[in-house]
Amino acid sequence: MKFRLILLILFLINVPLSARDIDLDAIYLKPGSRNYIDIISAKEQLYTDISSLFTDSSVIFSAWSGGDDIIYVKEFRGVNIIYIYSRSGLKSRELGRFPGTVTAAVNNSRGNLVTFKSIFYNDNAEAESRDIHIDLVTYKIIEEKSGSLFLNFSPYPSAREIVEQSSAGISRRDPFTGRSSKLISRSDYSDMKCNGEPVIAHISPDGKGKLLVCGSGGNYSARLLHGNNTRDISGIVSAGDIRWINNDRFIFRSGGAGDYSVKIYDTDKNSSMTIISGTMNPDIHFSERPGLITCLENQ
């Protein structure tokens, strides 16, 4: 049987799961110009050549749901609609709707939880943020008020939980049951320079490695807690563009605007290796099942 690759083809904007991306072609080339049209045509031809299957358009976030189906969000004026696409039935069905502008989406490596963060204005014209959690086994959806307008948590790798900062420290919490347990004491990071931003803890697959990152505007602090060792890590410039690729290595964004790098840090060697450099938008992803890293080198 001929292999088919399922793609969410995004005509106007290319957006990864973790955060909104930018269509660099539309920045440097005038939409509607000959060059821009030729690039879009070449991409469509590539999708045809590899026997891809068109599923939907105007998609802003997407993820595999347990490896079989695709969960994604389409953005309309003031409303976001969550769909699940069935590969076996070749059709989509709506799961739910929520208002506002989606600023981030996070899923755990186990594939049983996706959380969307949405910003909207309340009746008093004040900006609010809500987290929309989706259980990818039952497709149950719950919403809760967020303590931050932007990303302030990470997924726990092996359970239906998120990792977030509280007054007592950093804990893992199941948003559906409310059960939580502390992972990191506040004393382990209280001296980090965070510029008023929350500490985001990225947990290794075995739970023994904890990378703490905080900051804003390219000015970030990072600290690695690995076993009984604690060390500060330099060069990390994003609290969200980080992925553990195994229990001893993680991939991260470094550099500055217009000149970003993608690096892999080895906790055993206490050193990093550069994969690419000089890119406008690294867009780092890691697919755990096949063990594949993907990132962009200037689109």
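The predicted model has an average pLDDT of 85, and 91% of the residues score at least 70. Residues 1–19 form a stretch in which the pLDDT is below 50, although this stretch has 66 contacts in the model beyond near neighbours in sequence. Where pLDDT is low, predicted coordinates should not be read in detail.

Helix H2 covers residues 34–49. Its 16 residues should span 22 Å at 1.5 Å a residue, and the separation of its end C-alpha atoms, 22 Å, agrees with that expectation. Just after H2, Ser51 adopts a positive phi of about 60°.

Strand S3 comprises residues 59–65 and contains Ala63. Ala63 counts as buried because its relative accessibility is 10%, the cut-off for this class being under 20%. Between Ala63 and Ile84 the C-alpha to C-alpha distance is 9.7 Å, with a separation of 21 residues in sequence.

Ser129, in strand S9 (residues 127–135), has a relative accessibility of 3% and therefore counts as buried. Apart from neighbours within four places in sequence, the residues in contact with Ser129 are Lys117, Ser118, Ile119, Lys145, Ser146, Ser148 and Leu149.

Asp266 belongs to strand S21, which runs over residues 259–266. This residue is buried yet has no salt bridge. The nearest side chain of opposite charge is that of Lys269, at 4.6 Å, whereas the criterion for a salt bridge requires the nitrogen and oxygen to lie within 4 Å. The side chain of Asp266 instead reaches the backbone nitrogen of Asp268 at 2.8 Å. When neighbours within four places in sequence are set aside, Asp266 is in contact with Asp248, Arg249 and Ser271.

In total, 13 salt bridges are counted. One of them joins the side chains of Lys74 and Asp56, with an N to O distance of 2.9 Å. Lys74 is located in strand S4 (residues 69–76) and Asp56 in the loop between strand S2 (52–54) and S3, so the pair ties together parts that are 18 residues apart in sequence. Lys74 and Asp56 are both buried.

A further salt bridge is formed by Arg172 and Glu161, whose closest N and O atoms are 2.5 Å apart. Arg172 lies in strand S13 (residues 169–173) and Glu161 in the loop between strand S11 (153–155) and strand S12 (162–165); the pair, eleven residues apart, links distant parts of the chain. Glu161 is buried, its relative accessible area being 13%. Glu164 likewise forms a salt bridge, its partner being Arg173, with 2.4 Å between the closest N and O atoms. Arg173 has a relative accessibility of 16% and so counts as buried.

Notes: Residues numbered from 1 in each chain as written. Predicted model: local features only at pLDDT ≥ 70, side-chain atom pairs only at ≥ 80, totals over all residues. Heavy atoms only, no water. Helix = DSSP H or I, 4+ residues; strand = E, 2+ residues; numbered from the N terminus. Expected span 1.5 Å × (residues − 1). Buried < 20%, exposed > 50% of the residue type's maximum accessible area, 1.4 Å probe, protein only. Lys, Arg positive; Asp, Glu negative; His and termini not counted. Polar contact = N/O pair within 3.5 Å; in protein donor to acceptor, adjacent residues only side chain to side chain. Contact = heavy atoms within 4.5 Å. pLDDT = per-residue confidence, 0-100.
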